Amino acid sequence: MAEMEDAFDAIVVGAGPSGNAAAYTLAKEGLSVLQIERGEYAGSKNVQGAILYSDALEKIIPEFREEAPLERHVIEQRMWSMDDTSHTGMHYRSGDFNEEKPNRYTILRAQFDKWFSAKVKEAGALVLCETTVTELVKDLTGRVIGVRTDRQGNPIFAPVVILAEGVNGLVGQRSGLRPEIAPESVALAVKEMHFLPRETIEARFNLKGNEGVVIEAMGTITRGMTGTGFLYTNEESISVGIGCIVSDFAQGEVTPAELLEAFKAHPSIAPLLEGSEVKEYAAHLIPEGGYKAIPQLTGDGWIVVGDAGQFVNAVHREGSNLAMTTGRIAAETVVALHRKGEAMDGYTLKEYERRLEATFVMKDLKKYKGIPGLLDANKATFFGTYPRLFSQAMQTWFRVDGVDKKTKEKAILKSFRDSRSLRGLLGDAWRVARAWR
Amino acid sequence: MADAAKPAPAKGGRANTKRELPEHFKAYKHVWVAVEIEHGAVHSVSFELLGEGRKLADKRGVDLAAVVMGDDREALGKAAQDCFEYGADCVYIACDPALKHYRNETSTQVLTDIVNTYQPEILLLGATNLGRDLAGSVATTLKTGLTADSTELAIDEDGSLAATRPTFGGSLLCTIFTLNFRPQMATVRPRVMAMPEREEGRTGRIVEFTPNIAEDDVVTKVLDFIADRDSDTAALPYADVVVAGGRGLGSVENFQLVKELAQVLGAEYGGSRPLVQKGWITSDRQIGQTGKTIRPRLYIAAGISGAIQHRVGVEGADLILAINTDPRAPIFEFAHLGIVADAVTLLPALTQAFARRLRVTRMAS
Amino acid sequence: MHIVVCIKQVPDSAQIRVHPVTNTIMRQGVPTIINPYDLFALEEALRLKDRLGASVTALCMGPPTASESLRKALTFGADRAVLLTDRYFAGSDTLATSYALSMALTKIGEEFGTPEIVFTGKQTIDGDTAQVGPGIASRLKLNQLTYISKIVVTDLEAGRITVERRAETGTQVLATKLPVLITMLEATNEMRRGTIAQALEAARAEIITWNAADVGIEDLTRCGLRGSPTIVKKVFAPTARSEAAEMIAAEGTMDAKARAVVDAIFGRAPGVEDDLTARALHHYV
């Protein structure tokens with residue numbers, strides 16, 4: 001009996017959004033699933049705030065709004081270009097976002113992942129926490145047939161292993177299924193939770209009830225490195241953080257923690273956090289290499305989903321929706337093969353990639369495939385020169401000092417031309433447009 | 001397991017209701033301290049409790065009594081005299097061969113019997129291993145309320161005992177009452193209350209109580225007692241001076257510097273949890289939440305960052321000196337004295353400085 | 001032999017926050033863990049199981065979510081897990097808790113054999129009272145052994161146990177008869193890691209769940225808030241210590257710094273200097 005029990009229809013490695021989406025979908029369709037998570041519980045490795053995109057989750061758990069721990073639904077997006085003392089912002093706020101089924105929510109991952117994990121268990125999957133998969137077990141032909149863990153005992157077998165182990169998952173790397181992640185394809189983000197009474201948050205951000213605001217910021221806050229700062233309002237806390245590409249950090253003198261301190265002290269951010277109690281500092285890696293960094297996704301007996309497959313849209317700061325979607329589609333592919341009694345090999349599992357091509361996941365990543373390279377090649381311009389120029393221009397334009405508007409206009413144009421030749425300006429515009437296309 | 005400190009918000013609801021004290025409890029009067037005697041010596045916490053009990057008794061206009069239990073009548077008489085001089089009006093003496101060593105079984109029975117006979121309204125014990133062992137059994141046997149590890153005792157406007165204690169590792173304080181049961185019981189940790197002034201020659205009334213126990217009926221036997229001074233095991237919880245090291249020391253060789261300073265100070269040494277995990281120290285020297293809780297008069301922490309788990313184990317120290325290279329280390333938030341320095345270079349200098357200083361004061365005295 | 005280990009699920013104290021306005025504990029998002037002190041009790045039980053072939057039952061009173069902690073106990077190697085849960089238990093103080101647990105222990109005895117040993121941790125990290133263990137012992141007339149640092153001999157045949165108990169100024173060696181209640185001292189052992197087979201079994205295991213009626217509690221006034229003689233009247237945040245550490249900003253050589261440190265210590269605590277001098281006499285003369 002014991003030997004019988006150590007084999008499953010599928011093994012999912014990891015209990016983040018992609019792993020949970022996969023395990024839930026598989027278990028709901030009646031497959032026997034074992035999910036293995038390194039952390040003490042699902043979400044224990046991720047204590048921070050994040051954005052949840054309803055659409056991706058709705059396709060997995062349509063009624064999630066009734067039970068998932070959601071913080072606030074986002075009704076306002078602020079995009080800021082920042083220099084050292086100011087920001088130039090574009091805000092979009094709409095009453096339409098106060099819809100019956102809101103489109104985006106802020107969440108606390110620790111709680112959300114725990115809830116999702118409970119749903120996975122409810123659906124019938126077996127979830128093992130505090131257990132690390134140390135290697136994939138292969139047969140003589142190199143086909144993956146199971147996993148070995150850091151716990152004493154025999155390996156566990158399954159015809160397919162879904163690797164949802166995150167950006168820095170070592171199982172796939174160690175087993176030679178995917179290359180070690182390149183430092184220029186991954187960002188290091190540091191975040192903090194700032195606790196404030198909900199009334200204070202609502203007054204500070206002009207919110208009612210469960211309305212929420214998201215701020216995304218770029219500019220001199222990253223000291224010329226490719227990266228962004230962000231701030232999300234939760235129910236009784238604010239998530240604030242900043243992230244930059246790891247290879248940039250590697251060259252620089254500034255540490256992520258220093259960067260975050262400076263961001264928090266910025267005159268545009270500091271008043272929003274004033275009087276808060278800080279708890280939980282965390283750092284995590286975000287794959288930002290885009291389309292070009294996607295590794296091999298399938299092989300004999302294995303599939304890669306979520307961050308492990310570089311499924312993050314860095315331009316739109318989307319990640320968890322891509323993770324859930326890839327997890328779901330991988331699971332649907334496995335379910336279909338399982339039903340037909342077909343082998344799960346490199347050839348049949350390719351169906352996963354075909355299905356992904358038809359979704360926003362691959363379409364969006366393809367659309368922006370040029371962006372990471374463009375930003376990397378023009379860091380100083382995009383994260384230094386332009387934000388400074390915008391701020392100077394705004395200051396010149398709005399400061400009333402007896403100078404006529406015509407002269408001001410000229411001064412602004414001159415400042416742009418001095419910093420970046422006309423050819424440079426046009427070239428940047430063209431390059432951005434091309435990468436955006 | 002469960003906590004007496006219910007974290008429920010205290011606003012409204014039944015928590016504020018005061019029912020009438022049942023008739024049979026109305027006779028319960030006077031404030032008592034159960035005196036802790038181990039191997040003939042009275043624990044200082046008992047005198048601290050007498051000092052605090054005196055204030056409560058005066059506020060209530062009742063007597064302060066002490067209960068002493070043991071097998072040596074002469075020693076008990078001496079302890080009783082100490083109690084009078086520290087403020088007791090009356091001392092109940094229970095003397096029996098079966099009370100030679102502290103045992104839960106015998107002490108619970110005798111103390112419960114004395115309480116049922118003489119009916120105090122308040123019963124205080126030290127929150128020591130002995131006091132907590134005894135208080136839980138006595139309170140359960142008497143089916144009354146007990147507030148453990150109180151840090152403040154007061155008499156409420158309506159005359160009840162208001163015992164304040166920390167909860168959730170000190171994040172909150174709560175004030176707890178036992179309104180409808182008697183006696184109202186509380187334990188208090190050593191050194192939380194001040195040692196009262198001793199009034200030489202003060203006397204009081206002695207009441208002899210004959211315990212209804214026989215050694216033959218007692219199931220639990222004390223086979224041996226290994227005093228700490230006769231053993232080389234760490235006696236961290238009771239040390240007056242403790243020196244501890246953390247990860248900041250860098251290597252097991254550098255941990256030797258902690259031992260050297262401890263030796264000069266006649267102190268116990270210990271370390272934070274990571275050092276146990278690294279195998280630098282044995283687990284009986286681990287200080288912190290899952291290690292030992294210490295309450296020394298002086299605690300020197302070298303290269304310890306001061307995570308909450310460490311903090312709860314040491315914050316009862318009278319004086320904490322923290323040595324750390326990181327000025328933002330959390331330990332500086334609860335240490336009394338701090339110095340930003342590399343412990344590896346400061347410790348040897350400190351050992352020298354202490355040795356010189358103590359030599360000088362010794363010669364002077 | 002049958003051993004029962006009582007565990008409690010507690011909020012991880014490292015992550016506890018107090019609401020700045022209402023002074024209530026903000027539990028939302030605070031992870032829960034098995035009370036760390038209980039792990040020493042559980043490990044000791046598992047060691048007895050390894051040595052003597054006992055069966056180990058983990059018992060936990062708490063909300064339904066406490067089943068997670070019980071499942072973890074099974075992963076470590078417990079054989080059976082019992083969750084005692086009922087809304088009538090809410091607000092229990094130590095007296096009401098020991099009542100409910102002792103009823104559950106009696107029921108466990110009836111169903112799975114009377115335990116020879118009931119273990120608890122020394123105390124919890126949220127309540128810190130150390131009173132529930134003694135309460136259970138009193139109610140069930142178990143010989144009470146608190147602050148045990150070592151189990152020396154367990155003689156099942158003779159029904160006797162010898163232990164080392166941490167007393168105030170030394171170690172007591174006590175011998176008594178089974179059944180006993182043992183509260184295990186901290187840092188006496190290191191919790192093991194369950195095997196993959198145990199982990200799988202634990203993930204599949206059914207947690208036995210009982211409510212007040214299941215364990216034969218008829219008088220609900222003995223449970224929860226109503227069964228608790230103590231009443232919490234006021235909850236408040238401690239007044240923050242006004243200042244952080246006084247920083248000793250000494251310049252110059254390490255020796256100068258060390259002297260400044262010694263001066264600062266003795267300046268603050270002159271009594272300590274006298275004590276240390278006396279001690280130094282003892283050590284060096």
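Author: Let's start with a word you'll need: the bounds of a domain here come from an automatic or database domain assignment. In chain C, that assignment gives domain 1 (2–222) and domain 2 (241–285). Taken over C-alpha atoms, the centres of domain 1 of chain C and domain 2 of chain C are 44 Å apart. Keep in mind that you're looking at a predicted model.

Now for the place you asked about. Two pairs of chains touch, and the pair B and C has the most contacts. Chain C brings 90 residues to this meeting, and chain B brings 101. On chain C's side, 41 of the residues are nonpolar, 29 are polar and 20 are charged.

Go along it and you'll pass six strands, in the order β15(B)-β14(B)-β16(B)-β17(B)-β18(B)-β15(C). The sheet is open and its pairing is parallel. The edge places belong to β15 (268–271) of chain B and β15 of chain C; each has a single partner strand, so one side of each has no neighbour in the sheet. In general, strands of a sheet pair through backbone hydrogen bonds.

Zoom in on the step from one chain to the other. Strand β18 of chain B (residues 337–340) runs parallel to strand β15 of chain C (residues 246–247), and two bridges join them.

From chain B comes helix α5 (residues 252–265), which lies across β14, β15 and β16 (298–302) of chain B and runs at about 170° to β14(B). Chain C contributes helix α6 (residues 254–268), which packs on the sheet and touches β16, β17 (319–324) and β18 of chain B. The direction of α6 in chain C makes about 170° with that of β18(B).

And chain A? Chain A and chain B have no contact, with their closest C-alpha atoms 12 Å apart.

Note on methods:
Residues numbered from 1 in each chain as written. Chains lettered and ligands numbered in written order. Predicted model: local features only at pLDDT ≥ 70, side-chain atom pairs only at ≥ 80, totals over all residues. Contact = placed C-beta atoms within 7 Å. Nonpolar A, V, L, I, M, F, W, Y, C, P; charged D, E, K, R; others polar. Pairing = 2+ DSSP bridges. Helix = DSSP H or I, 4+ residues; strand = E, 2+ residues; numbered from the N terminus. Axes fitted to C-alpha atoms, helices over the stretch in contact; angles between N-to-C directions.
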